[in-house]
Amino acid sequence: NLAIAQYNYLTKFTKDGLIVHNSRFDCEYERVGNYYFISQAMQDCLKRLSVIASSKGGNILILGQEGTGKEVFARTIHHLSDRSHKPFLAVNCSQLPNDLFEAEMFGYEKGAYTGAVNTKRGLLEECEGGVLFLDEIAELTKEAQSKLLTVLQSGTFRRMGTNREIKVDVRFIGATNREITKMVEREKANRRSKDPVIKDTFRSDLLNRFSWRILVPSLKQRPDEIVYLSEIFLNELAEGEQFILSDTAKNYLINREYPSNVRSLRDFLRCAIACAKDKKVAVITDKILLDAEAYVNVDTTQVSNDILIDDLSFDEQLRIFAKNLLINTMVQCNHNVKLAATKLGIAERTFYDYLKRYGIKH
(Lines give C-alpha, C1' and ligand atoms only; values in the text may rest on other atoms or scores of the structure.)
Protein backbone atom coordinates (compact mmCIF):
# COMPACT_ATOMS: atom_id res chain seq x y z
CA ASN A 1 0.00 0.00 0.00
CA LEU A 2 2.80 2.38 0.85
CA ALA A 3 4.53 1.58 -2.44
CA ILE A 4 1.36 2.34 -4.41
CA ALA A 5 1.08 5.69 -2.65
CA GLN A 6 4.60 6.84 -3.48
CA TYR A 7 5.24 9.57 -6.00
CA ASN A 8 7.88 9.05 -8.66
CA TYR A 9 8.35 12.26 -10.59
CA LEU A 10 10.34 12.63 -13.78
CA THR A 11 10.88 16.27 -14.54
CA LYS A 12 11.77 18.11 -17.67
CA PHE A 13 12.14 21.78 -18.53
CA THR A 14 10.40 23.40 -21.46
CA LYS A 15 10.78 26.90 -22.78
CA ASP A 16 7.34 27.71 -21.35
CA GLY A 17 8.00 26.55 -17.79
CA LEU A 18 8.42 23.48 -15.65
CA ILE A 19 6.24 20.51 -16.55
CA VAL A 20 6.40 17.50 -14.27
CA HIS A 21 5.68 13.99 -15.59
CA ASN A 22 4.33 11.62 -12.96
CA SER A 23 4.61 7.84 -13.28
CA ARG A 24 2.70 7.05 -10.09
CA PHE A 25 -0.21 5.61 -12.05
CA ASP A 26 -0.51 3.44 -15.14
CA CYS A 27 -0.96 6.41 -17.43
CA GLU A 28 1.19 9.33 -18.57
CA TYR A 29 0.01 12.71 -17.45
CA GLU A 30 1.43 16.12 -16.81
CA ARG A 31 1.54 18.33 -13.76
CA VAL A 32 2.16 22.07 -13.85
CA GLY A 33 2.86 23.43 -10.40
CA ASN A 34 0.34 21.63 -8.18
CA TYR A 35 -2.20 21.01 -10.94
CA TYR A 36 -2.78 17.83 -12.91
CA PHE A 37 -3.59 17.33 -16.59
CA ILE A 38 -4.51 13.68 -16.84
CA SER A 39 -7.01 12.92 -19.61
CA GLN A 40 -6.29 13.45 -23.30
CA ALA A 41 -8.85 16.29 -23.32
CA MET A 42 -6.98 18.09 -20.53
CA GLN A 43 -3.57 17.49 -22.09
CA ASP A 44 -4.89 19.01 -25.32
CA CYS A 45 -6.01 22.00 -23.25
CA LEU A 46 -2.55 22.22 -21.70
CA LYS A 47 -1.04 22.57 -25.17
CA ARG A 48 -3.43 25.45 -25.89
CA LEU A 49 -2.64 27.01 -22.52
CA SER A 50 1.06 26.86 -23.36
CA VAL A 51 0.45 28.72 -26.63
CA ILE A 52 -1.65 31.35 -24.85
CA ALA A 53 0.95 31.72 -22.08
CA SER A 54 3.81 32.18 -24.52
CA SER A 55 2.00 34.97 -26.35
CA LYS A 56 3.08 38.43 -25.28
CA GLY A 57 -0.35 39.95 -24.97
CA GLY A 58 -4.09 39.57 -25.17
CA ASN A 59 -6.53 39.06 -22.36
CA ILE A 60 -8.05 35.63 -21.82
CA LEU A 61 -11.57 34.43 -21.10
CA ILE A 62 -11.95 30.97 -19.55
CA LEU A 63 -15.35 29.32 -19.92
CA GLY A 64 -16.63 26.21 -18.22
CA GLN A 65 -19.10 24.70 -15.81
CA GLU A 66 -18.96 25.19 -12.06
CA GLY A 67 -16.07 23.37 -10.40
CA THR A 68 -14.27 22.33 -13.58
CA GLY A 69 -11.02 24.10 -12.70
CA LYS A 70 -11.11 27.53 -14.35
CA GLU A 71 -8.76 28.99 -11.76
CA VAL A 72 -6.42 26.04 -12.38
CA PHE A 73 -6.28 27.10 -16.04
CA ALA A 74 -5.61 30.71 -15.05
CA ARG A 75 -2.78 29.79 -12.70
CA THR A 76 -1.31 27.45 -15.32
CA ILE A 77 -1.18 30.30 -17.85
CA HIS A 78 0.58 32.45 -15.27
CA HIS A 79 2.99 29.63 -14.33
CA LEU A 80 3.98 28.97 -17.95
CA SER A 81 4.27 32.61 -18.99
CA ASP A 82 7.12 35.08 -18.71
CA ARG A 83 5.04 36.77 -15.99
CA SER A 84 5.44 33.82 -13.60
CA HIS A 85 7.84 35.80 -11.39
CA LYS A 86 5.28 38.59 -11.11
CA PRO A 87 2.10 38.65 -8.97
CA PHE A 88 -1.00 36.54 -9.61
CA LEU A 89 -4.04 38.04 -7.92
CA ALA A 90 -7.48 36.41 -7.93
CA VAL A 91 -10.67 38.41 -7.43
CA ASN A 92 -14.15 36.94 -7.06
CA CYS A 93 -16.29 39.51 -8.88
CA SER A 94 -19.54 38.20 -7.38
CA GLN A 95 -18.25 39.13 -3.92
CA LEU A 96 -17.15 42.63 -4.92
CA PRO A 97 -20.05 45.08 -4.38
CA ASN A 98 -20.42 47.83 -6.95
CA ASP A 99 -19.67 50.58 -4.43
CA LEU A 100 -16.37 48.91 -3.53
CA PHE A 101 -15.29 47.94 -7.04
CA GLU A 102 -13.54 51.20 -7.86
CA ALA A 103 -11.83 51.46 -4.46
CA GLU A 104 -10.57 47.85 -4.60
CA MET A 105 -9.48 47.90 -8.23
CA PHE A 106 -8.11 51.44 -8.56
CA GLY A 107 -7.29 52.39 -5.00
CA TYR A 108 -7.84 55.85 -3.54
CA GLU A 109 -6.07 58.94 -2.28
CA LYS A 110 -6.22 60.10 1.30
CA GLY A 111 -9.44 62.04 1.83
CA ALA A 112 -11.09 60.73 -1.35
CA TYR A 113 -14.18 59.91 0.70
CA THR A 114 -15.23 59.65 4.31
CA GLY A 115 -13.12 56.98 5.93
CA ALA A 116 -10.23 57.23 3.46
CA VAL A 117 -7.68 58.16 6.11
CA ASN A 118 -4.70 56.90 4.12
CA THR A 119 -3.74 56.48 0.48
CA LYS A 120 -4.35 52.92 -0.73
CA ARG A 121 -2.95 51.18 -3.79
CA GLY A 122 -5.55 49.22 -5.73
CA LEU A 123 -5.33 45.70 -7.11
CA LEU A 124 -4.15 46.99 -10.49
CA GLU A 125 -1.05 48.59 -8.98
CA GLU A 126 -0.41 45.59 -6.73
CA CYS A 127 -0.54 43.36 -9.81
CA GLU A 128 1.88 45.41 -11.94
CA GLY A 129 3.58 43.18 -14.50
CA GLY A 130 1.54 40.16 -13.47
CA VAL A 131 -1.86 38.53 -13.99
CA LEU A 132 -5.19 39.64 -12.55
CA PHE A 133 -7.73 36.82 -12.47
CA LEU A 134 -11.34 38.01 -12.51
CA ASP A 135 -13.36 35.00 -11.44
CA GLU A 136 -17.11 35.11 -12.18
CA ILE A 137 -16.56 38.17 -14.36
CA ALA A 138 -20.11 37.94 -15.73
CA GLU A 139 -21.42 38.92 -12.28
CA LEU A 140 -20.00 42.44 -12.55
CA THR A 141 -22.60 45.20 -12.59
CA LYS A 142 -23.12 47.37 -15.66
CA GLU A 143 -21.25 50.23 -13.99
CA ALA A 144 -18.31 48.03 -13.01
CA GLN A 145 -18.10 46.61 -16.53
CA SER A 146 -17.84 50.13 -17.90
CA LYS A 147 -15.00 51.03 -15.54
CA LEU A 148 -13.14 47.81 -16.31
CA LEU A 149 -13.51 48.41 -20.06
CA THR A 150 -11.69 51.74 -19.73
CA VAL A 151 -8.67 50.01 -18.20
CA LEU A 152 -8.62 47.26 -20.81
CA GLN A 153 -8.80 49.82 -23.64
CA SER A 154 -6.14 52.24 -22.46
CA GLY A 155 -4.10 50.39 -19.86
CA THR A 156 -4.51 53.41 -17.61
CA PHE A 157 -6.69 54.32 -14.63
CA ARG A 158 -7.08 56.95 -11.93
CA ARG A 159 -7.17 56.43 -8.22
CA MET A 160 -10.27 57.75 -6.53
CA GLY A 161 -9.70 61.34 -5.46
CA THR A 162 -7.15 62.28 -8.14
CA ASN A 163 -7.01 63.13 -11.85
CA ARG A 164 -3.50 61.71 -12.27
CA GLU A 165 -3.46 58.79 -14.69
CA ILE A 166 -1.48 55.68 -13.79
CA LYS A 167 -0.36 53.28 -16.51
CA VAL A 168 -0.14 49.58 -15.68
CA ASP A 169 1.07 46.44 -17.43
CA VAL A 170 -1.42 43.77 -16.35
CA ARG A 171 -2.74 40.76 -18.22
CA PHE A 172 -6.38 40.05 -17.43
CA ILE A 173 -7.90 36.59 -17.25
CA GLY A 174 -11.67 36.41 -16.85
CA ALA A 175 -13.67 33.30 -16.02
CA THR A 176 -17.36 32.48 -15.96
CA ASN A 177 -19.75 29.54 -15.95
CA ARG A 178 -22.50 31.66 -17.47
CA GLU A 179 -23.71 31.61 -21.09
CA ILE A 180 -22.04 34.92 -21.76
CA THR A 181 -23.07 35.19 -25.43
CA LYS A 182 -26.72 35.20 -24.34
CA MET A 183 -25.92 37.93 -21.81
CA VAL A 184 -24.36 39.96 -24.64
CA GLU A 185 -27.49 39.51 -26.76
CA ARG A 186 -29.60 40.84 -23.88
CA GLU A 187 -27.26 43.84 -23.59
CA LYS A 188 -27.68 44.56 -27.31
CA ALA A 189 -31.46 44.32 -26.93
CA ASN A 190 -31.27 46.89 -24.14
CA ARG A 191 -29.36 49.29 -26.37
CA ARG A 192 -32.00 48.98 -29.11
CA SER A 193 -34.82 49.56 -26.65
CA LYS A 194 -35.98 53.03 -25.67
CA ASP A 195 -36.83 51.71 -22.22
CA PRO A 196 -34.15 49.12 -21.38
CA VAL A 197 -35.45 46.80 -18.70
CA ILE A 198 -33.57 43.56 -19.47
CA LYS A 199 -31.19 42.59 -16.68
CA ASP A 200 -28.38 40.05 -16.41
CA THR A 201 -26.38 41.49 -19.31
CA PHE A 202 -22.74 41.74 -20.39
CA ARG A 203 -21.17 44.40 -22.60
CA SER A 204 -20.16 43.19 -26.04
CA ASP A 205 -17.25 45.63 -26.25
CA LEU A 206 -15.89 44.32 -22.95
CA LEU A 207 -16.20 40.72 -24.15
CA ASN A 208 -14.31 41.64 -27.33
CA ARG A 209 -11.38 42.82 -25.20
CA PHE A 210 -10.73 39.18 -24.29
CA SER A 211 -9.06 38.03 -27.49
CA TRP A 212 -8.19 34.52 -26.25
CA ARG A 213 -10.95 32.04 -25.37
CA ILE A 214 -10.66 28.56 -23.91
CA LEU A 215 -13.24 26.08 -22.62
CA VAL A 216 -12.57 23.82 -19.63
CA PRO A 217 -14.08 20.36 -20.28
CA SER A 218 -16.60 19.11 -17.73
CA LEU A 219 -15.73 16.04 -15.69
CA LYS A 220 -18.36 14.14 -17.66
CA GLN A 221 -16.32 14.82 -20.81
CA ARG A 222 -13.18 13.34 -19.22
CA PRO A 223 -14.33 10.23 -17.32
CA ASP A 224 -10.91 8.62 -17.74
CA GLU A 225 -9.65 11.25 -15.33
CA ILE A 226 -11.93 10.42 -12.41
CA VAL A 227 -9.95 7.52 -10.92
CA TYR A 228 -6.61 9.30 -11.11
CA LEU A 229 -7.97 12.51 -9.62
CA SER A 230 -9.63 10.45 -6.89
CA GLU A 231 -6.33 8.84 -5.89
CA ILE A 232 -4.62 12.22 -5.89
CA PHE A 233 -7.35 13.70 -3.69
CA LEU A 234 -7.26 10.70 -1.33
CA ASN A 235 -3.55 11.31 -0.84
CA GLU A 236 -4.11 15.03 -0.22
CA LEU A 237 -7.13 14.69 2.08
CA ALA A 238 -6.09 11.68 4.16
CA GLU A 239 -3.72 13.68 6.40
CA GLY A 240 -0.89 11.17 6.37
CA GLU A 241 -3.06 8.05 6.28
CA GLN A 242 -3.15 5.75 3.27
CA PHE A 243 -6.38 4.79 1.50
CA ILE A 244 -6.78 2.65 -1.60
CA LEU A 245 -9.74 2.38 -3.96
CA SER A 246 -11.02 -1.10 -4.78
CA ASP A 247 -11.98 -1.92 -8.38
CA THR A 248 -15.67 -1.76 -7.44
CA ALA A 249 -15.12 1.68 -5.92
CA LYS A 250 -13.39 2.89 -9.08
CA ASN A 251 -16.34 1.75 -11.19
CA TYR A 252 -18.73 3.45 -8.79
CA LEU A 253 -16.85 6.75 -9.03
CA ILE A 254 -16.70 6.62 -12.83
CA ASN A 255 -20.47 6.11 -13.11
CA ARG A 256 -21.45 8.65 -10.47
CA GLU A 257 -22.76 12.13 -11.29
CA TYR A 258 -20.87 15.23 -10.10
CA PRO A 259 -23.03 18.40 -10.15
CA SER A 260 -20.04 20.66 -9.39
CA ASN A 261 -17.55 18.56 -11.37
CA VAL A 262 -14.09 18.25 -9.78
CA ARG A 263 -15.24 20.13 -6.68
CA SER A 264 -18.03 17.59 -6.14
CA LEU A 265 -15.60 14.69 -6.60
CA ARG A 266 -13.22 16.11 -4.01
CA ASP A 267 -16.01 16.79 -1.50
CA PHE A 268 -17.44 13.29 -1.99
CA LEU A 269 -14.05 11.69 -1.35
CA ARG A 270 -13.65 13.76 1.80
CA CYS A 271 -16.87 12.18 3.04
CA ALA A 272 -15.72 8.71 1.90
CA ILE A 273 -12.53 9.05 3.93
CA ALA A 274 -14.57 9.88 7.03
CA CYS A 275 -16.72 6.76 6.47
CA ALA A 276 -13.61 4.60 5.97
CA LYS A 277 -12.07 5.93 9.17
CA ASP A 278 -15.30 5.24 11.02
CA LYS A 279 -15.18 1.59 9.89
CA LYS A 280 -11.40 1.47 10.50
CA VAL A 281 -10.57 0.26 7.00
CA ALA A 282 -7.87 1.35 4.56
CA VAL A 283 -9.50 0.03 1.39
CA ILE A 284 -12.41 2.12 0.15
CA THR A 285 -14.99 -0.11 -1.53
CA ASP A 286 -18.25 0.66 -3.30
CA LYS A 287 -20.04 -0.07 -0.01
CA ILE A 288 -18.03 2.62 1.74
CA LEU A 289 -18.93 5.02 -1.08
CA LEU A 290 -22.58 4.06 -0.74
CA ASP A 291 -22.39 4.96 2.94
CA ALA A 292 -20.83 8.30 1.98
CA GLU A 293 -23.59 8.85 -0.57
CA ALA A 294 -26.22 8.74 2.17
CA TYR A 295 -24.48 11.62 3.97
CA VAL A 296 -23.95 13.64 0.80
CA ASN A 297 -27.56 13.37 -0.38
CA VAL A 298 -29.48 13.63 2.85
CA ASP A 299 -29.68 17.43 2.97
CA THR A 300 -30.84 17.79 -0.63
CA THR A 301 -34.02 15.81 -0.01
CA GLN A 302 -35.02 17.12 3.40
CA VAL A 303 -37.11 20.03 2.12
CA SER A 304 -39.61 21.60 4.52
CA ASN A 305 -43.21 22.01 3.42
CA ASP A 306 -42.91 25.79 3.10
CA ILE A 307 -40.11 25.59 0.51
CA LEU A 308 -41.02 25.20 -3.16
CA ILE A 309 -38.54 23.61 -5.56
CA ASP A 310 -39.58 25.67 -8.56
CA ASP A 311 -36.68 24.68 -10.75
CA LEU A 312 -37.31 20.92 -10.51
CA SER A 313 -40.01 19.07 -12.40
CA PHE A 314 -42.23 16.42 -10.82
CA ASP A 315 -40.22 13.66 -12.52
CA GLU A 316 -36.92 15.12 -11.27
CA GLN A 317 -38.20 15.36 -7.70
CA LEU A 318 -39.56 11.82 -7.92
CA ARG A 319 -36.20 10.55 -9.18
CA ILE A 320 -34.32 12.23 -6.31
CA PHE A 321 -36.73 10.80 -3.75
CA ALA A 322 -36.58 7.26 -5.21
CA LYS A 323 -32.81 7.22 -5.52
CA ASN A 324 -32.25 8.36 -1.97
CA LEU A 325 -34.87 5.97 -0.63
CA LEU A 326 -32.96 3.10 -2.24
CA ILE A 327 -29.59 4.34 -0.97
CA ASN A 328 -30.79 4.90 2.58
CA THR A 329 -32.51 1.51 2.67
CA MET A 330 -29.33 -0.19 1.46
CA VAL A 331 -27.32 1.54 4.19
CA GLN A 332 -29.86 0.58 6.87
CA CYS A 333 -29.76 -3.06 5.70
CA ASN A 334 -25.95 -3.15 5.58
CA HIS A 335 -26.06 -3.49 1.77
CA ASN A 336 -28.09 -6.71 1.92
CA VAL A 337 -30.21 -6.47 -1.23
CA LYS A 338 -32.65 -9.20 -0.23
CA LEU A 339 -33.29 -7.59 3.17
CA ALA A 340 -33.62 -4.12 1.60
CA ALA A 341 -36.16 -5.41 -0.94
CA THR A 342 -38.15 -7.07 1.83
CA LYS A 343 -38.09 -3.84 3.86
CA LEU A 344 -39.59 -1.93 0.93
CA GLY A 345 -42.07 -4.72 0.14
CA ILE A 346 -40.88 -5.40 -3.40
CA ALA A 347 -39.36 -8.40 -5.15
CA GLU A 348 -35.60 -8.79 -5.03
CA ARG A 349 -35.42 -8.80 -8.84
CA THR A 350 -37.42 -5.57 -8.97
CA PHE A 351 -35.08 -4.01 -6.40
CA TYR A 352 -32.10 -4.89 -8.61
CA ASP A 353 -33.88 -3.27 -11.57
CA TYR A 354 -34.33 -0.06 -9.57
CA LEU A 355 -30.67 -0.04 -8.55
CA LYS A 356 -29.67 -0.33 -12.20
CA ARG A 357 -32.17 2.35 -13.31
CA TYR A 358 -30.80 4.90 -10.84
CA GLY A 359 -27.16 3.95 -11.31
CA ILE A 360 -26.66 2.70 -7.75
CA LYS A 361 -23.85 0.23 -7.24
CA HIS A 362 -24.48 -2.62 -4.81
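A salt bridge is taken here as a side-chain nitrogen of Lys or Arg within 4 Å of a carboxyl oxygen of Asp or Glu. The structure is a predicted model. Asp 169 is partly exposed, because its relative accessible area is 39%. Arg 83 is buried, with a relative accessible area of 12%.

A search of the whole structure finds 22 salt bridges. Side chains of opposite charge can pair when their charged atoms come close. Another of these pairs is Lys 147 with Glu 102, with the closest N and O atoms 3.2 Å apart. Lys 147 has a relative accessible area of 28%, so it counts as partly exposed. Glu 102 is also partly exposed, at 25%.

A further salt bridge joins Glu 109 to Arg 159, and its closest N and O atoms are 3.0 Å apart. Glu 109 lies in the loop between β7 (107-108) and β8 (120-121), and Arg 159 in the loop between β10 (156-158) and β11, so the pair ties together parts 50 residues apart in sequence. Glu 109 and Arg 159 are both buried. The pair belongs to a network: salt bridges with shared partners join Glu 109, Arg 121, Glu 125, Glu 126 and Arg 159.

Glu 125, a member of this network, lies in helix α5 (residues 123-126). Its relative accessibility is 10%, so Glu 125 counts as buried. A polar contact of 2.9 Å joins its side chain to that of Arg 159. Neighbours within four places in sequence aside, Glu 125 is in contact with Phe 106, Phe 157, Arg 159 and Ile 166.

Glu 136 is partly exposed, because its relative accessible area is 29%. Its side chain makes a polar contact of 3.2 Å with the side chain of Ser 94. Apart from neighbours within four places in sequence, Glu 136 is in contact with Asn 92, Cys 93, Ser 94 and Ala 175. Leu 63 is 73 residues away from Glu 136 in sequence, yet the C-alpha atoms of the two are 9.8 Å apart.

The largest nonpolar core has 45 residues. Those with the most contacts inside it are Phe 233, Leu 253, Leu 265, Ile 284, Leu 289 and Phe 351. At least two residues of this core come from each of α9 (226-237), α10 (247-255), α11 (262-278), α12 (286-301), α13, α14 (337-344) and α15 (348-357). Helix α11 supplies the largest share, nine residues. Leu 289 illustrates the contacts: beyond its neighbours within four places in sequence, it is in contact with Ala 249, Tyr 252, Leu 253, Phe 268, Ala 272 and Ile 284. A second, separate core has 31 residues. Its members include Leu 96, Met 105, Ala 138 and Ile 166. Ile 166 is also in contact with Glu 125.

Phe 321 is placed in helix α13 (residues 314-332). Its relative accessibility is 55%, so Phe 321 counts as exposed. The cut-off for exposed is over 50%.

Values for the whole protein complete the description. The protein has 15 helices and 15 strands. Buried residues make up 45% of its 362 residues. The accessible surface comes to about 19800 Å², and carbon and sulfur atoms account for 49% of that area. Among contacts with a separation of 6 or more, 66% are between residues 24 or more positions apart.

Conventions
Residues numbered from 1 in each chain as written. Predicted model: local features only at pLDDT ≥ 70, side-chain atom pairs only at ≥ 80, totals over all residues. Heavy atoms only, no water. Helix = DSSP H or I, 4+ residues; strand = E, 2+ residues; numbered from the N terminus. Buried < 20%, exposed > 50% of the residue type's maximum accessible area, 1.4 Å probe, protein only. Core = buried A, V, L, I, M, F, W, Y, C linked by side-chain atoms within 4.5 Å. Contact = heavy atoms within 4.5 Å. Polar contact = N/O pair within 3.5 Å; in protein donor to acceptor, adjacent residues only side chain to side chain. Areas by Shrake-Rupley, 256 points an atom, 1.4 Å probe, with all protein chains shown as cover.
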